[in-house]
Amino acid sequence: MIDCVISNVLIFDGVAALSAEKNAVWISNGRIVKVASSAEITSSEKVIDGQGATLMPGLIDAHFHCNSPAVDITVADKLVPSHMAQYARMYLEDMLMRGFTTLRDAGGADMGLVRARNEGLIQGPRLYVSGKALSQSGGHGDFRGEVLLCGCDSYSGSLTCVVDGPDSIRVNVRNLLRTGVHQVKLFVSGGVLSPMDPIWMDQYTDGEITAAVEEAARWRTYVMAHSLTDNASRRCAALGVRSIEHGLGITPETASFIAERETFLVPTLGTPHWLLEGVVPVPPASIEKLKTVGHAGAIAVENCARAGVRIGFGTDLLGTLHGREAYELVLRSQVSGSLETLRSATSVNADLMNLGGQVGTIVSGAYADLLLLDGDPLTDISILTTPQKTIKLIMLEGKIITNRLETRPVT
Ligand SMILES: [Zn+2]
């Protein structure tokens, strides 16, 4: 039985704008069952008149952090889990209202949030979690600072934990997967916000990365890896990591290798941009690191696009930077154009997450995760930055979350 038909719309299906004859979408049981002409609507079907607006798949953010009350990651570490869960709930609810219907958490969120969402205790996008991201001692996920407590001292924070050696990594990845995480996250280069590690540093040995990749593959899933250098990104591709996160400064040669290995890139241009602008204060050491980053993100996107790398979309926002997610779309479009950026945030991200045909697309069989936009995002992507004004309808699995369409009198 058809639950409803959204008619009288222009459709961007996650890859391209459809021809004007395909202007209606039939929905049943949370899924899209037909995309065709409004002329095929029967008198018994419930119709939502889209009033000529653009219908597109709900957005996907492949690099989100639910556990991120502040840019300073040590703040998260001081919160008890029930307190942290309230931040996560708020961020999830907000993301859905911004038009994001699927998120991949890049470190921190666990299955508790997924279950709470699936049981209807909290309202939010479909969520794919990594649990705590794994870091070597002294790596990007090690927030112990410079005090050496004792030889057996270790670290397990809100977003990350320290694990060294291939055998320990195997055990940790197996345990993460036992708890139900969807993918595994590693840090394979230095980072900006961590206190001790230089940004250029290679992290984890080949054997350690391979151990994680093998264990993830046994569960038919994959590894995503934080990488801020050309060499670290090359190592990701060589060692079977599926998704290179941030991927700064990738050269044309490495881009070709990444394309050959069919590894994805998930750039995140906004965070370094806004931190350098001073939107949120960060320690002087991080500012020095940020200066070395410069435009390395945009250059990597350009080189990877030229080489044919599949480029996804992620935001990586923390603390008060949340709320700027759609501005990442605008920044990306300045490098990639609107069409490629929207593909990244829908169909490419879906493929990256092994969800092709299920989300990020408007096709028979996909979840009815849909946005109805006042305006055309292919010509002006910035309309997604004002969701309260421009997103007329948000639908998640066939359920209407928000409806700002003016109801017309029945004629
Ligand atoms: Zn991140």
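Tutor: Residues are numbered from 1 along each chain as its sequence is written, and side-chain values use heavy atoms, without hydrogens and water. In this predicted model, local features need pLDDT of at least 70, side-chain atom pairs count only at pLDDT 80 or more, and totals for chains, interfaces and linings use all residues.

Student: What makes β1 and β3 paired strands?

Tutor: Strands are DSSP runs of E, at least two residues, numbered from the N terminus. Two of them pair if DSSP finds at least two bridges between them. Three bridges join β1 (residues 4-7) to β3 (residues 24-28), so the two pair. They run antiparallel. Ile-6 has Val-25 in β3 as its bridge partner.

Student: Why are β4 and β5 called edge strands?

Tutor: The open sheet has the order β4-β3-β1-β5, with mixed pairing. β4 (31-36) and β5 (47-49) each pair on one side only.

Student: How do you know which residues are donors of the zinc ion?

Tutor: Donors are N, O and S atoms within 2.8 Å of the metal (3.2 Å for Na, K and Ca); water is not among the atoms, so sites may look incomplete. His-63 (NE2), His-65 (NE2) and Asp-316 (OD) coordinate zinc at 2.1 to 2.2 Å, so they count as donors.

Student: Why is His-63 called buried?

Tutor: Buried means under 20% relative accessible area, exposed over 50%, partly exposed in between (1.4 Å probe, protein chains only). His-63 has 0% relative accessibility, so His-63 is buried. Asp-316, at 14%, is buried too.

Technical notes. Helices (H or I, at least four residues) and strands (E, at least two) are DSSP runs, numbered from the N terminus.
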